[in-house]
Every structure is written in structure tokens, then in C-alpha cells.
Amino acid sequence: MRSDVDVENFLTASLILDIKDQAKFFHLLSRIPNDVERHFRASRVYVFVPGKGLDSDPNEFLFDVRLRIDPVDLTNERTARKAFNAYFDDIRKVIEREIKGNP
């Protein structure tokens with residue numbers, strides 16, 4: 001991989017999600033592939049406003065989900081893109097199974 005590429009942004013996708021049912025969301029996350037080569041991190045988001053402080057409703061569940069692929073076997077941008085596409089596709093399949101009720 002080229003040394004002048006911003007690897008953090010190149011190998012990571014970030015999503016901010018407004019979750020209505022935290023238990024279902026956690027159930028879904030437990031089914032998404034999460035290993036050394038491709039993994040994710042989910043963090044709860046709190047919103048702070050200058051002069052006001054915490055501006056998040058305690059019943060609002062915002063999550064920052066970061067998907068990442070490991071660069072160890074990636075030799076170029078095309079290989080990295082294919083790896084990310086495969087991870088996105090696997091996540092899509094998990095979501096489709098959950099929607100259909102087939103865990």
C-alpha cells in the first residue's frame with residue numbers, strides 16, 4: 001500500500017445511527033462478522049451544545065458505528081475496495097436475514 005494514503009479514512013467507514021430499539025440493535029450487532037481481518041466498533045453518542053451542555057434525550061440512542069478492514073494483506077487500493085465491498089455485502093446479508101426473521 002502507498003505510504004501517502006490516509007489509511008485511517010481509507011480503511012474505515014463511519015455511520016451515525018439513531019436506534020429506536022437498543023436490544024434489537026445489540027442483537028443485530030452480535031451477528032455481524034467481527035474478527036481480526038474485518039471488524040467494527042459501536043459507541044454511544046451524546047450531543048453537547050456550547051453554553052447548554054448535554055443536549056441528548058436520555059431515551060435517544062445514537063450510536064457511532066465504525067467498520068474497519070485490516071490492511072495486513074491489502075496490496076493496493078483495488079484489493080482494499082474489494083475487501084470492504086465483501087464486508088458490506090456480508091453485513092447486508094445479516095440485516096436481510098434479521099428483517100425476514102431468519103437469524
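Q: Leaving aside its neighbours within four places in sequence, with which residues is Thr-12 in contact?
A: The model is predicted, so that local features need pLDDT of at least 70 and side-chain atom pairs count only at pLDDT 80 or more, while totals for chains, interfaces and linings use all residues. Residues are numbered from 1 along each chain as its sequence is written, and side-chain values rest on heavy atoms, with hydrogens and water left out. Taking contact to mean heavy atoms within 4.5 Å, and setting aside neighbours within four places in sequence, the partners of Thr-12 are Arg-66, Leu-67, Arg-68 and Phe-84.

Q: Is Thr-12 buried or exposed?
A: Thr-12 belongs to strand 1, residues 12-19, where helices (H or I, at least four residues) and strands (E, at least two) are DSSP runs numbered from the N terminus. Buried stands for under 20% relative accessible area, exposed for over 50%, and partly exposed for values in between, with a 1.4 Å probe and protein chains only. With a relative accessible area of 16%, Thr-12 is buried.

Q: With which side chain does the side chain of Asp-64 make a polar contact?
A: Asp-64 lies in strand 5, residues 61-69, and is buried, its relative accessible area being 10%. A polar contact is a pair of N or O atoms within 3.5 Å; within protein, one must be able to donate a hydrogen and the other to accept it, and residues adjacent in sequence count only if both atoms are side-chain atoms. At 3.2 Å, the side-chain partner of Asp-64 is Ser-14.

Q: How far apart are the end C-alpha atoms of helix 3?
A: The expected span of a helix is 1.5 Å times one less than its number of residues. For the 24 residues of helix 3 (residues 77-100) this should give 34 Å, which agrees with the end C-alpha separation in the model, namely 35 Å.

Q: Which residue caps the N-terminal end of helix 3?
A: At that end of helix 3, a side-chain oxygen of the capping residue lies 3.0 Å from the backbone nitrogen of Arg-78. Just after helix 3, Gly-101 takes a positive phi of about 80 degrees. The residue that caps the N-terminal end is Asn-76.

Q: What pattern does the protein follow along the sequence?
A: The protein has three helices and five strands, and of its 103 residues 23% count as buried. Read along the sequence, these elements follow the pattern α-β-α-β-β-β-β-α.
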